[in-house]
Amino acid sequence: MLGTAKAFSGFSVNDTGAAKQFYGETLGIRVTEEHGLLTLHLGGGTEVLAYPKGDSHVPATFTILNFPVEDIDRAVDDLAARGVRFLRYEGFEQDERGVARGDGGPPIAWFTDPSGNILSVLQP
C-alpha cells in the first residue's frame, strides 16, 4: 500500500528563521516555507521537512542528514569559511579539519545546525 507513496523524512528545529538561513544561505540548499514549515529541496528530488518545536525541541543524537561530496577536504574548508564548526567525537581519529578517516568507512566530518541537529559531509 505505501510502497509507491512519495515518502519524506523530517526533523524538528527550535527556530525556523535560523534554520532557513543556515540551510539556505550557509549550506546553499533551496529552502521553501509554507504554513510555518520548511522544506529542504535536496539533490535527486529529495525533500526533507523541518518543523518547529520551539522550546520543546530536543536535538537528534544521531546524524539526520549526510551530504556526499566529491572532495571532503574542499567541502570542509568551504563550510568552515562559512562559519560551520566541526564536531570531534571521542573514539574517532580526526585530523585537524575534523575529518575522520579510516576504520573501514568513508572520510566523514560532522557538524550541527543552529538547533543542534547533527549533519555530516562524507566522501563515498
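**Core, pocket and selected residues of the predicted model**

Serine 12 lies in strand β1, where helices (H or I, at least four residues) and strands (E, at least two) are DSSP runs numbered from the N terminus. The structure is a predicted model, in which local features need pLDDT of at least 70, side-chain atom pairs count only at pLDDT 80 or more, and totals for chains, interfaces and linings use all residues. Residues are numbered from 1 along each chain as its sequence is written, and side-chain values use heavy atoms, with hydrogens and water left out.

With a relative accessible area of 10%, serine 12 is buried, a term that stands for under 20% relative accessible area, whereas exposed stands for over 50% and partly exposed for the range in between (1.4 Å probe, protein chains only). The side chain of serine 12 forms a polar contact with the side chain of histidine 57, at 2.7 Å; such a contact is a pair of N or O atoms within 3.5 Å, of which, within protein, one must be able to donate a hydrogen and the other to accept it, and residues adjacent in sequence count only if both atoms are side-chain atoms. When residues up to four places away in sequence are not counted, serine 12 touches Tyr51, Lys53, His57, Val58 and Asn117, contact being defined by heavy atoms within 4.5 Å.

Asparagine 117, found in the loop between β7 and β8, is likewise buried, with a relative accessible area of 2%. Its side chain reaches the backbone oxygen of serine 12 at 2.9 Å. Beyond its neighbours within four places in sequence, asparagine 117 is in contact with several residues, including Phe11, Ser12, His57, Pro59 and Phe111. Proline 59, for its part, belongs to the loop between β4 and β5 and is partly exposed, with a relative accessible area of 33%. Leaving aside neighbours within four places in sequence, proline 59 contacts Ser115, Gly116 and Asn117, and its C-alpha atom is separated by 9.4 Å from that of aspartate 113, 54 residues apart along the chain.

In soluble globular proteins, nonpolar side chains tend to be buried together. In this model the largest nonpolar core has 27 residues, and those with the most contacts inside it are Phe11, Tyr23, Leu40, Leu65, Phe111 and Val121; a nonpolar core is a set of buried Ala, Val, Leu, Ile, Met, Phe, Trp, Tyr and Cys residues joined through side-chain atoms within 4.5 Å. Two or more residues of this core come from each of β1 (9-13), α1 (16-26), β3 (37-41), β4 (47-52), β5 (63-68), α2 (72-81), β7 (105-112) and β8 (118-122). Apart from this core lies another, of five residues, among them Ala100, Ile108, Trp110 and Ile118. Among the residues that phenylalanine 11 touches, not counting those up to four places away in sequence, are Tyr23, Leu40, Val48, Ile64, Leu65 and Asn117.

The largest pocket has a volume of about 190 Å³. On a 1 Å grid over the protein atoms alone, a pocket is an open set of points with protein on both sides within 12 Å along at least five of seven lines, and lining residues have an atom within 4 Å of a point. The lining consists of Thr26, Leu27, Gly28, Ile29, Phe67, Val69, Asp78, Leu79, Arg82, Phe111 and Val121, which divide into seven nonpolar, two polar and two charged residues. Arginine 82, in the loop between α2 and β6 (100-102), is partly exposed, with a relative accessible area of 42%. Neighbours within four places in sequence aside, arginine 82 is in contact with Glu25, Thr26, Leu27 and Gly28.

Threonine 39 is found in strand β3 and touches Arg30, Val31, Thr32, Glu47, Val48 and Leu49, residues up to four places away in sequence not being counted. Histidine 35, located in the loop between β2 (30-34) and β3, is exposed, with a relative accessible area of 74%, and has a positive phi of about 55° although it is not a glycine.

Conventions
On a 1 Å grid over the protein atoms alone, a cavity is a set of points where a 1.4 Å probe fits but cannot get out, and a pocket is an open set with protein on both sides within 12 Å along at least five of seven lines; lining residues have an atom within 4 Å of a point. Grid points are joined across faces, edges and corners, and a volume is the space filled by probe spheres set on the points. Ala, Val, Leu, Ile, Met, Phe, Trp, Tyr, Cys and Pro count as nonpolar, Asp, Glu, Lys and Arg as charged, and the others, Gly among them, as polar.
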